[in-house]
Amino acid sequence: MLKYLVWLPLLTLFFWSCSNEKEEGLIPGTRLTGDSMADALVLSVLVTPPCQYLTNENANSPFVLGANPISICSVSAVSGSITVQSNGTYEVTATSGRQILTSSSCNSSRFDYVVALKEGGTELFSSTFVGPKQIVLDTGKLYSLQSSGLVNPSDYQCQGRAVSSAITPYRINFRKL
């Protein structure tokens, strides 16, 4: 028991002295993962709002854009709509989804699943665009979200066998500036 009483303060002093080293990173003095790129990824995930999923069940209910950021995702070939609660400029970003058809005896096929923001017939933004885009959105107008690129897996076969489909969702983000 006496050896624990001697070693415990020494080990505590050792660990405490090692933890006082100055670290530079994405946020000085804050160490998330130790890698600045991983820190940036962690922080981007933390500031991105969770997805509100567009499904067949809620396709007739518009998503409401206001002062808070919103992200809309979907894995279905369904169109949705957006209404604007607060006029202004919004920063819009998006990532396309993917559909992968696989079979045990064939190479997989990959399809991009794209989302577009439209006002009437005019495309304002698409997930094929690179980087953010600033768009002025007005109250009283109905904006639509339309997706394209999903295929019906039953239309495909591999050596006479059905293929399986895996879909990762598209994501479109809105942030009021």
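Tutor: A disulfide is a pair of cysteine sulfur atoms within 2.5 Å. The model is predicted, so local features need pLDDT of at least 70 and side-chain atom pairs pLDDT 80 or more, while totals for chains, interfaces and linings use all residues. Residues are numbered from 1 along each chain as its sequence is written, and side-chain values use heavy atoms, without hydrogens and water.

Student: How do you know that Cys106 and Cys158 form a disulfide?

Tutor: The S to S distance of Cys106 and Cys158 is 1.4 Å. The cut-off is 2.5 Å, so the pair counts as a disulfide.

Student: What makes the disulfide of Cys106 and Cys158 right-handed rather than left-handed?

Tutor: The torsion about the S-S bond of Cys106 and Cys158 is about 75°, and the disulfide is therefore right-handed. This pair links distant parts of the chain, with Cys106 in strand S7 (residues 106–119) and Cys158 in strand S11 (residues 157–158), 52 residues apart. Strands are DSSP runs of E of at least two residues, helices are runs of H or I of at least four, and both are numbered from the N terminus.

Student: Are Cys106 and Cys158 buried or exposed?

Tutor: Buried means under 20% relative accessible area, exposed means over 50%, and partly exposed lies in between (1.4 Å probe, protein chains only). Cys158 has a relative accessible area of 3%, so Cys158 is buried. Cys106 stands at 30%, so Cys106 is partly exposed.

Student: How many disulfides does a search of the whole structure find, and what is the pairing of the bonded cysteines?

Tutor: The search finds 2 disulfides. The bonded cysteines of the chain, numbered in sequence order, pair as 1-2, 3-4. Cys51 lies in strand S1 (residues 51–53) and Cys73 in strand S3 (residues 70–74), 22 residues apart. Cys51 is partly exposed at 23%, whereas Cys73 is buried at 2%.

Student: Why is Ser71 called buried, and which polar contacts does the side chain of Ser71 make?

Tutor: Ser71, in strand S3, has 1% relative accessibility and therefore counts as buried. A polar contact is a pair of N or O atoms within 3.5 Å; within protein, one atom must be able to donate a hydrogen and the other to accept it, and residues adjacent in sequence count only if both atoms are side-chain atoms. The side chain of Ser71 makes such contacts with the side chains of Arg171 at 3.3 Å and of Asn173 at 2.4 Å.

Student: What makes the pair Glu91 and Arg175 a salt bridge?

Tutor: A salt bridge is a side-chain nitrogen of Lys or Arg within 4 Å of a carboxyl oxygen of Asp or Glu. The closest N and O atoms of Glu91 and Arg175 are 3.1 Å apart, so the pair meets the cut-off. Glu91 is in strand S5 (residues 88–95) and Arg175 in strand S14 (residues 170–176), 84 residues apart. Glu91, at 21%, and Arg175, at 38%, are both partly exposed.

Student: Which residues do salt bridges that share partners join into one network?

Tutor: Lys141 meets Glu119 in a salt bridge at 3.2 Å, N to O. Lys141 lies in the loop between S9 and strand S10 (142–148) and Glu119 in strand S7, so the pair ties together parts that are 22 residues apart in sequence. Asp138 and Lys141 form a salt bridge at 3.6 Å. Through these shared partners, Glu119, Asp138 and Lys141 belong to one network.

Student: Which residues touch the most other members of the largest nonpolar core?

Tutor: A nonpolar core is a set of buried Ala, Val, Leu, Ile, Met, Phe, Trp, Tyr and Cys residues joined through side-chain atoms within 4.5 Å. The largest one has 24 residues, and those touching the most other members include Leu65, Ile82, Leu137 and Phe174. Contact means heavy atoms within 4.5 Å. Not counting residues up to four places away in sequence, the contacts of Leu137 include Leu65, Val84 and Leu124.
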